[in-house]
Amino acid sequence: AGMGYDQDFHRPVPPDEQRAEKADVVFVGHWEPHTERYVSVLRDAGLRIHVRGYNWSKAKDRALRTVKPLEHEKYVTAIASARLALCVLSRQTRNESTGRSFEIPAIGMCMLAERTAEPVFLYGEDEGALLFSDERELVEKARRYLDDGTAREKVGCVGHARCMELGM
């Protein structure tokens, strides 16, 4: 689909360049109703979620209406400064993946992504990315992997290696 990542920009961030206080989950992307639902269920489950992107003024939840876009140069550090990175597909474009489907693993982060044929093929089921199909599974996997740093880091490493191997 012509998507991938910029090898000079989307790279792992050394720990000393990451934020000291890591969010549990980060989501960088525009607002859509289903995206707001995913963010809300994670927050309602007690997880610390950091959200940046466009059009969040349309959110039903007043607390999310103040979400601001992220400057391009801060994108990689924002992704790396969380323990999990949420990757949600736009319902407007009907894609099987998005640029973040490649950028997040290229940064070396553990990606929590909607399950479609493309990430299953590229990364394997919970091997190089954590995949979910509904809100229950999203919260379940987020909690499980937030509690298991070793497993979370392994998923991030496998996803990163897969991106490097494919040279996307």
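**How the sheet and its cores are defined**

Five strands make an open sheet, ordered β2-β1-β3-β4-β5, with parallel pairing. This is a predicted model: local features need pLDDT of at least 70, side-chain atom pairs count only at pLDDT 80 or more, and totals for chains, interfaces and linings use all residues. Residues are numbered from 1 along each chain as its sequence is written, and side-chain values use heavy atoms, leaving out hydrogens and water.

User: What makes β3 and β4 a pair?

Analyst: Two strands pair if DSSP finds at least two bridges between them. Strand β3 (residues 82–87) and strand β4 (residues 111–114) have three bridges, so they meet that definition. They run parallel. Cys87 has Ala113 as its bridge partner in β4. Ala85 has Met111.

User: How do you know that β4 pairs with β5?

Analyst: Three bridges join β4 to strand β5 (residues 130–132), in the parallel sense. Ala113 stands opposite Leu131 in β5.

User: Why is the unit of β4, helix α4 and β5 called right-handed?

Analyst: Point the strands away from the viewer: a crossover is right-handed if the path from the first strand over the helix to the second runs clockwise. β4, α4 (residues 117–123) and β5 make such a right-handed β-α-β unit.

User: What makes a set of residues a nonpolar core?

Analyst: The members are buried Ala, Val, Leu, Ile, Met, Phe, Trp, Tyr and Cys residues joined through side-chain atoms within 4.5 Å. Buried means under 20% relative accessible area; exposed is over 50%, and partly exposed lies in between (1.4 Å probe, protein chains only). The largest core has 27 residues; Leu42, Trp56, Leu84, Leu86 and Leu112 touch the most other members. α5 (135–146) supplies at least two of its residues.

User: Which residues does Leu86 touch?

Analyst: Contact means heavy atoms within 4.5 Å. Leu86 touches, among them, Val25, Phe27, Ile104 and Leu138, not counting residues up to four places away in sequence.

Technical notes. Helices (H or I, at least four residues) and strands (E, at least two) are DSSP runs, numbered from the N terminus.
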